[in-house]
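Have a look at the structure first, then read on.

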Amino acid sequence: MRKVAALVMFFTIPAITTLGQIAYRAADIPPSLRFGASAVVREKETTLNMLSADNVVYTVREVVTVLNKGGDEHALLILPYNKNTVIKSAKGQILDAQGMSVSKFNLSNFNDQSAVSDFSLYEDDRLKYYNPTITSYPFTMVYEYELRLKQNLIIPDWYANPQPDLSVEKSVYTFNAAPQEKIRIKAYNYKGEAKESQVDKQKRLTWTVENLPAFKQEPYAPSPDDYRTYVKIAPEQFSYYRTKGKYSNWDELGKWIYTDLIKTRQNLSPAVVAEMKSLVQGVDSDKEKAKRIYEYMQRKTRYISVQIGIGGFQPMFSSDVDRLGYGDCKALVSYMQSLLAAVDIPSYYCVVYAGSRKQSMDPEFASMDQGNHVILALPLGNDTTWLECTNQNVPFGFLGDFTDDRLVLACTENGGKLLRTPVLSTQMNETHRKATLLVDKTGSITGTTNTTYKGAQYDTHEALIRKPLSEQTKILSNYYDVDNINFSQVSVTQEKTEKPVTTEKLNIRIGAYVPHSQQSAYLIPNAFNRHPVTKAVSNRKLPLHINRGYTDEDEISYQLPTGYSIEYQPKDFDLKTPFGHYVAKITKKGDELLYYRKFTLNDGTHPAKDYAAFAEFMNQVATADKAKVILKVN
Amino acid sequence: MIKRFSIVALLLLTFGATHAQDFPYGKHNPSDFLSNKAKVDSTADAEVIREFGTGQIQKDDQTGRLYIDYHYHVKIKIINAEGFKSGDIEIPLRIYNNAADEMYDFKATSYYHDNGSIQQNDVDPKRVFTENKNRYLKLVKFTMPNLKPGSVIEYSYRLKRQSIFNFTSWEFQGDIPKQHSEFIALIPANYNFNVSLRGSRGLTSQNGVVQRECLRIGANGMDCSKMTYIMKDVAAFKEEAYMTTASNFKSVINFELSDVHHADGGRSNITRSWKDVDYELTSDRSFGGQMKQKDLFAAKMPEILKDATDSLSKAKAVFAYIKDRIKWNNYLGKYSEKDVKKALEARSGNIGDINLALISALNAAGFNPDAVILSTRQNGVVGDLYPVITEFDYVIAKLNIGGTDYLLDASEPLLPFGLLPMRCLNGKGRVVNFKKASYWFDIKASQKDAVKYNLVAKLDTDGKIKGTLYTFSSGYNAYHKRERIAEAGSIDAYVQQFDEQNPSFEITKHEVINVDSLDKILEERYEITIDQFEGTDYSKLFYNPNFLNRIASNPFKLNERSYPVDMGAATETRVSMILTLPEKFEFAEAPKDIAIGLSQNGGRYQTVTKLDDTMLSFSGLLQLNKPVYTPEEYLSLKEFYSKIIQQQKIDLILQKTK
């Protein structure tokens with residue numbers, strides 16, 4: 001049944017072809033593929049044979065030439081495995097620049113280790129890796145491996161060019177399945193159509209790319225999936241850890257997740273149900289009730305991640321969360337959902353791709369592998385309230401920048417639907433600082449600062465809360481990286497509403513901040529908020545993408561010693577560009593020097609050609625941010 | 001400072017039959033729940049109430065092998081939610097060649113006080129996970145259920161540890177404070193262990209008694225020394241920036257087997273004296289055996305040495321050959337992992353493989369190199385009370401040519417001959433060879449981490465500075481640059497990165513020399529344009545000559561320091577600039593040349609500025625001469641940097657000559 005014979009044939013490596021020409025010579029790589037590349041995929045064949053829902057054979061044969069040390073990572077071969085993925089074979093050899101075999105390796109040369117994510121207590125994932133030890137470049141790795149997947153719920157995505165600094169001479173993806181299997185497929189950024197054919201009574205689809213130049217990792221770039229070529233495949237009938245199911249869109253997938261994975265796990269004891277009822281007794285609004293229950297859940301639980309088998313998708317029993325007081329995101333959301341259900345408040349279990357970079361579920365293509373986190377949505381009338389359930393300190397109804405502004409899959413009894421989480425806008429992500437500082441004749445500064453942080457900036461100083469002054473001082477001296485800064489008093493308070501605010505009040509002293517020469521004193525008025533330099537990128541290829549905007553406003557009053565006059569002051573700025581707006585002003589009234597800075601960075605996407613103007617704007621800001629006032633000392 | 005002292009001699013053994021004083025499991029003092037403040041440090045999030053351990057040599061009746069029966073029991077007070085992380089527990093089990101540590105008698109419970117009664121939750125054994133981390137290590141992991149601020153957690157377990165050579169070590173100090181930490185070592189009288197205590201704290205108490213017939217081997221019952229070590233009110237260990245590994249400073253007690261008296265009256269030394277260690281190492285197949293593999297290289301020597309003229313160039317040729325033939329597999333080790341022959345075949349090996357191969361090859365070339373064993377920075381400082389062989393995790397070669405000692409490590413392709421990787425710079429190493437007794441040798445960087453910038457440029461009337469920037473890098477500075485060039489893939493790509501990171505200037509032409517000539521100074525030459533002023537039609541120009549490497553941030557931010565500041569190697573930065581001005585200028589305010597220094601020649605910063613009509617010149621020097629500064633020197637080091645930052649804010653104020 002399995003086409004192992006074909007694989008063996010793939011693997012006769014022609015070190016020298018019949019024509020006497022040496023194959024895989026590094027010198028044969030065309031210059032266009034060397035440009036900007038640290039490694040080149042010479043040939044890659046990825047084949048996926050879906051023999052049945054619980055028997056999928058995945059083979060890769062790859063020839064990759066590493067041009068220099070920067071390409072070492074492309075020679076590192078990592079094979080993940082777990083109870084659902086078996087490594088059947090792996091072998092290969094290493095060729096020198098001329099294509100002559102230097103050494104061979106097989107599975108016994110691989111290192112084996114656990115692959116537990118750093119956020120987890122335990123996971124059953126493992127990996128085997130082979131890291132070739134080669135001292136001279138270029139060299140070529142020729143290898144093949146075969147994995148057997150005992151499930152087809154998650155078919156690995158095929159990437160034509162997975163990583164930056166890697167070019168591709170030729171890469172072919174072949175997918176084979178029985179003709180009667182219903183398969184949904186989406187190719188992203190692929191020119192043309194997949195080639196369809198019938199081979200050995202199997203339906204075969206083939207995607208081919210040739211001569212893909214390397215792409216570069218660039219700052220302020222869109223998500224790599226916006227420009228990389230890749231193919232997603234989702235069979236309609238699936239099997240996963242002996243669970244079987246069927247879906248062909250988000251509606252069906254959401255329904256399956258709810259009915260087969262979640263619903264049966266929400267088993268609260270009557271005592272807990274009664275406790276919830278009494279907890280909300282006398283409260284009228286559903287929102288207020290939900291808030292009470294949320295705070296109860298926050299007090300009772302903590303985040304502990306354990307992922308084993310289907311437990312990677314299925315939450316723990318709510319009764320276990322109740323008994324143990326911990327769970328992962330799925331468990332805590334499912335627990336919260338069942339607590340709310342106890343007082344008849346409906347809610348949606350929502351799968352999301354969390355991270356500071358906004359990433360949505362693809363509305364056109366449903367699949368199980370697009371999320372990495374779960375949150376809870378409360379449809380309360382017109383207004384949906386969103387709950388992050390894995391954090392003891394986050395305010396009720398506030399998601400923060402971990403899951404804001406993206407499409408998530410709400411899994412309900414009536415099916416799945418895509419919902420968008422709330423936006424944290426440029427205006428909402430605000431820091432506002434007011435400082436009143438006294439400069440003495442030695443150049444030292446004392447005074448107070450009062451700063452509010454909102455929106456995505458709300459949790460900037462979460463680490464300061466509940467810490468002793470000694471720890472706060474450590475954190476603040478790194479955050480306010482000003483030489484000689486000392487904090488005599490630190491107060492951080494939080495207004496935990498749905499639009500939360502953190503207020504930080506500091507009493508500070510900065511020794512010798514304003515150094516004096518015989519006749520002059522040097523003051524950088526922007527003491528606290530200097531934007532770093534932005535990399536200029538020559539030949540920008542990717543669009544400019546600003547993932548999240550923000551607004552920072554700083555007002556500082558310096559009380560100077562009497563008689564200081566301005567010898568030189570940097571010019572005022574009022575720079576307005578499509579990327580943002582920068583205002584910097586210095587005014588002197590008597591002995592008071594006032595510094596005002598407002599910097600707005602707008603989120604948005606611009607064509608690649610605009611990057612130069614953007615970098616110029618950002619670097620004007622960076623330069624102006626560290627500009628000095630020179631004072632004449634009498 | 002690192003304190004290590006022998007404490008075994010202090011013990012007066014008395015006879016007694018006392019049993020190990022473990023505290024009862026599951027019994028609480030009311031005070032454990034009454035107060036919700038940590039006692040040792042009131043700001044702590046969690047605190048060890050009591051911690052107790054024993055280590056005892058036992059014999060496995062089935063295999064006849066000796067093992068260590070280790071018992072651990074702890075009770076921790078959780079003060080607040082931040083302290084919940086103390087409820088996530090990870091117990092490492094080591095895997096040896098043919099055996100692994102085994103855990104048994106595991107118990108774990110969390111308790112909290114609820115309306116006058118104590119609620120208890122045991123950890124479900126099904127929720128205790130064993131992660132097979134890699135081929136050397138397993139981790140037993142679990143988390144405490146139902147934690148609340150004010151909870152108490154308790155757990156205990158026994159380990160069957162398969163190696164008696166490292167008896168065990170006991171950490172009195174951890175990442176949370178401890179009220180009471182106690183360890184009992186039960187050691188049969190015929191085993192001698194070297195015991196040493198690290199860290200700045202002394203023991204609160206210690207005591208030794210003889211315990212009768214604690215171990216039975218054959219028909220003989222053996223007496224044991226039962227030694228109890230207690231430390232009370234131990235503050236948490238807090239890491240600081242610029243420190244070497246925490247294990248150098250934590251309060252830890254270590255035991256290392258030194259010798260064994262056999263029942264027949266004979267004695268075998270394990271680590272009695274350096275003489276024994278020398279013999280052990282030189283006769284070990286994986287060490288001395290691999291230093292003598294010169295036959296592997298003899299045939300190749302004529303080819304390797306074909307261009308070499310004198311001893312030094314011969315040694316360099318051999319060094320380059322080994323670097324090219326064996327790539328480091330990222331494993332440390334003083335012993336050869338595979339053996340030199342196999343490493344050469346696989347073209348890959350651990351540190352032992354590489355540098356013992358180097359020693360063999362140098363032998364084949366007619367040299368007489370020594371091996372130097374050392375402990376890397378990550379591994380901690382070695383003690384000199386006893387030869388504790390397991391403390392060493394690295395080997396390098398030492399070669400004397402014409403009276404100069406060269407320390408050689410062939411594991412880093414981009415380091416020049418004689419410069420060790422930073423990881424080796426950790427005090428002293430022990431020189432081992434076949435002929436003489438071993439001896440200590442200070443391991444220092446042979447070169448400073450040094451860079452020199454020269455700018456020769458002209459200020460045009462359009463306000464742009466155009467000229468040539470030369471940089472000369474040596475030591476680790478050159479090494480890091482060569483690494484970046486290698487990572488970038490080409491010199492052009494490296495220069496492009498450098499250009500992109502410095503938007504204030506534009507590089508129009510570049511040249512980088514000696515990228516592959518590791519023994520030479522790495523030279524970079526850039527034709528640059530800096531947008532300095534908007535025209536020069538000002539009555540005054542404000543110019544800051546610290547055009548490169550300006551220090552804007554003080555690396556030392558706090559006002560206190562407990563541990564030494566360890567920078568690894570001395571550093572030196574020199575800047576010099578000659579700027580031709582478009583017309584005659586003079587100083588509006590004469591700049592003050594500065595010269596400041598740290599005591600005992602610890603560091604120096606000085607600048608000299610001159611203006612001669614149209615010629616402005618500036619030079620600056622920053623030296624940090626010591627690789628390590630004591631905590632007492634910390635504040636002056638911070639102040640030194642602060643002075644530099646203040647100084648570098650001051651501009652030159654130029655005005656047109658009237």
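1. Take the contacts in chain B between residues at least 6 apart in sequence: 71% of them join residues at least 24 apart. Keep in mind that this is a predicted model.

2. On the overall make-up, chain B has eleven helices and 37 strands. Its C-alpha atoms fill a box of roughly 100 × 75 × 45 Å along the principal axes. Of the 658 residues in chain B, 40% are buried.

3. Helix 11 of chain B runs over residues 634-649, which makes 16 residues. From first C-alpha to last, helix 11 reaches 23 Å, close to the 22 Å you'd expect at 1.5 Å a residue.

4. Which residues of helix 11 of chain B are buried? The list is Y634(B), L637(B), K638(B), F640(B), Y641(B), I644(B), I645(B), Q646(B), Q648(B) and K649(B). The cover over these buried residues includes a piece of chain A, namely strand 30 (520-523). From chain B, the cover includes strand 30 (565-566), strand 33 (594-598), strand 34 (603-612) and strand 36 (628-629).

5. Now for D32(B), which sits in helix 1 (residues 30-34) of chain B. Why does D32(B) count as partly exposed? Because it has 18 C-beta neighbours inside 10 Å, and buried would take 20 or more.

6. Setting aside neighbours within four places in sequence, D32(B) is in contact with I49(B), K77(B) and V152(B). As for E345(B), it lies 313 residues from D32(B) in sequence, and the two are 62 Å apart in space, C-alpha to C-alpha.

Methods:
Residues are numbered from 1 along each chain as its sequence is written. Chains are lettered from A and ligands numbered from 1 in the order in which they are written. This is a predicted model: local features need pLDDT of at least 70, side-chain atom pairs count only at pLDDT 80 or more; totals for chains, interfaces and linings use all residues. Helices (H or I, at least four residues) and strands (E, at least two) are DSSP runs, numbered from the N terminus. A residue is buried if 20 or more other C-beta atoms lie within 10 Å of its own, exposed if 12 or fewer, and partly exposed in between; C-beta atoms are placed from the backbone. Two residues are in contact if their C-beta atoms, placed from the backbone, lie within 7 Å. The expected span of a helix is 1.5 Å times one less than its number of residues.
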